[in-house]
Amino acid sequence: MFESQYNDEMEAEVRRLEAQMRAINAGHPEWVNACAACGCELSGTNATTCEKCQ
Ligand SMILES: [Zn+2]
């Protein structure tokens with residue numbers, strides 16, 4: 001139970017850091033996430049690309 005929750009939190013943290021890295025690579029470190037393909041801003045941290053690039 002605890003381990004499962006811990007893993008979920010780790011995965012969420014990894015997603016957040018990866019999203020932050022994409023934003024930095026796109027030239028906008030103030031964003032929470034950016035499209036990996038075109039570099040536009042994404043509002044959540046779950047997606048790696050925008051709707052156009054999926
Ligand atoms: Zn895109």
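**Salt bridge, buried asparagine and overall form**

Reply: The side chains of R16 and E13 form a salt bridge, with an N to O distance of 3.3 Å; the term denotes a side-chain nitrogen of Lys or Arg within 4 Å of a carboxyl oxygen of Asp or Glu. This is a predicted model, in which local features need pLDDT of at least 70 and side-chain atom pairs count only at pLDDT 80 or more, while totals for chains, interfaces and linings use all residues. Residues are numbered from 1 along each chain as its sequence is written, and side-chain values use heavy atoms, with hydrogens and water left out.

Me: How are R16 and E13 placed in helix α1?

Reply: R16 and E13 are 3 residues apart in helix α1, so about one helical turn separates them. Helices are DSSP runs of H or I with at least four residues, strands are runs of E with at least two, and both are numbered from the N terminus.

Me: How many salt bridges does the whole structure have?

Reply: A search of the whole structure finds 1 salt bridge.

Me: Turning to N33, where is it?

Reply: N33 is in the segment after α1, the helix spanning 2–25. N33 counts as buried because its relative accessibility is 0%.

Me: What does the side chain of N33 reach?

Reply: It reaches the backbone oxygen of A47 at 2.8 Å. The side chain of N33 also makes a polar contact with the side chain of R22, at 3.1 Å. A polar contact is a pair of N or O atoms within 3.5 Å; within protein, one must be able to donate a hydrogen and the other to accept it, and residues adjacent in sequence count only if both atoms are side-chain atoms.

Me: Which residues is N33 in contact with, leaving aside neighbours within four places in sequence?

Reply: Among them are A19, A23, C40, L42 and G44, where contact means heavy atoms within 4.5 Å.

Me: How many helices and strands does the protein have?

Reply: The protein has 1 helix and 0 strands. Its C-alpha atoms fill a box of roughly 40 × 20 × 15 Å, taken along the principal axes, and buried residues make up 19% of the 54 residues.

Definitions and conventions:
Buried < 20%, exposed > 50% of the residue type's maximum accessible area, 1.4 Å probe, protein only.
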